[in-house]
Amino acid sequence: MEVARKIEKVRNLVKIARSEERKIGLVPTMGALHTGHISLIEAAVKDCDFVIVSIFVNPTQFGPGEDFEKYPRPLQADLKVCQEAGVDVVFAPSSKQIYPTENITWVTVEKLTESLCGKSRPVHFRGVTTVCAKLFNIVAPDAAYFGQKDAQQAIVIKRMVADLNMPLEIVICPTVREPNGLAVSSRNQYLTAKQKKDAANIYKSLQACRKLIEAGITETRQIIDEMQKILRQIPSGQIEYVSIVDAETLESLDEISGKVLAAVAVKVGPARLIDNILVDAGK
Ligand code: AMP
């Protein structure tokens with residue numbers, strides 16, 4: 001496995017792989033790799049002949065007062081994970097490599113970034129789309145792998161790729177969970193054992209949502225009330241949003257119909273946790 005710190009090196013490695021007609025897969029991450037990231041890497045290794053994992057804690061997707069400084073950066077452990085998973089190249093650039101001068105060119109996806117996480121994190125998605133556009137330009141992968149855990153991010157990236165005619169496929173992989181249902185996240189490290197246990201209520205609220213929709217309840221307000229009851233059982237929890245939206249447009253719905261995304265953001269102690277499920281309510 002090669003470790004590239006510089007854009008030039010990763011480009012050269014990709015050039016060789018491409019000359020050998022290998023299918024190139026990219027898994028963009030911020031590191032602190034866990035079983036969720038590993039599932040993406042495994043999907044890429046299965047589908048592709050040359051797999052690049054990028055590890056970059058992207059400053060432009062963090063707002064003021066968020067956890068950019070304290071975000072975990074265990075590079076050596078991450079390299080071991082990648083090596084064991086069969087990755088060909090880890091691209092771990094410095095901020096200077098990615099943002100050599102003041103960044104004044106941004107990729108912005110409208111509408112889809114206004115709801116859910118976009119409300120409380122106004123610069124977040126602009127940072128995500130810009131860094132992903134940069135990574136796609138640097139690596140030029142045939143496919144890039146993202147997690148359903150960050151559902152809005154996945155939809156926004158797909159739309160950016162479609163709207164800008166970027167020549168790659170976006171593959172979305174299912175959310176990996178702890179045995180108690182809590183979605184695996186690098187930010188779970190900020191939680192105490194008790195908070196981790198309590199945070200299982202996030203997935204419980206989503207499961208309750210699924211049950212109610214399957215039982216034929218169509219009034220969104222009624223379902224959200226039930227979900228909030230469950231989320232209030234997290235003693236150190238502060239609910240940021242509980243939303244049921246159209247799974248394609250991310251617009252909120254008064255009445256459930258078609259494919260919907262139920263999404264939750266809760267601050268549990270120091271960690272802002274998000275999770276979601278997709279439910280097909282039929283017509
Ligand atoms: P991050 O390092 O948090 O930026 O995540 C990198 C990629 O891993 C993103 O596409 C995430 O959606 C994905 N990811 C994070 N956690 C999970 C999880 N529990 N299951 C599946 N994918 C995940």
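How many disulfides does the count come to? I worked on a predicted model, and there the count comes to zero.

**Cysteines**

I looked up Cys-48 next. Cys-48 is in no disulfide, and the nearest cysteine sulfur, that of Cys-173, is 10 Å away. I noted Cys-48 as buried, at 7% relative accessibility.

Then I turned to Cys-132. The closest cysteine sulfur to that of Cys-132 is in Cys-173, 14 Å off, which is too far for a bond. Cys-132 counts as buried too, with 4% relative accessibility.

**Aromatic pairs**

I found four aromatic pairs in the structure. One of them joins Phe-62 and Phe-68 edge-to-face, at 5.3 Å centre to centre and with 65 degrees between the planes. Phe-62 also pairs with Tyr-71, again edge-to-face, at 5.9 Å centre to centre and 75 degrees between the planes.

Phe-62 has a relative accessible area of 8%. Phe-68 is partly exposed, because its relative accessible area is 23%.

**Charges over rings**

The charged end of Lys-70 sits over the ring of Tyr-190, 4.3 Å from the ring centre. Arg-126 has its charged end over the ring of Trp-106, at 3.6 Å from the centre of that ring.

Notes
Residues numbered from 1 in each chain as written. Predicted model: local features only at pLDDT ≥ 70, side-chain atom pairs only at ≥ 80, totals over all residues. Heavy atoms only, no water. Phe/Tyr/Trp six-rings, centres within 6.5 Å; stacked < 30°, edge-to-face > 60°. Buried < 20%, exposed > 50% of the residue type's maximum accessible area, 1.4 Å probe, protein only. Lys NZ or Arg CZ within 6 Å of the ring centre and 35° of its normal. Disulfide = S-S within 2.5 Å.
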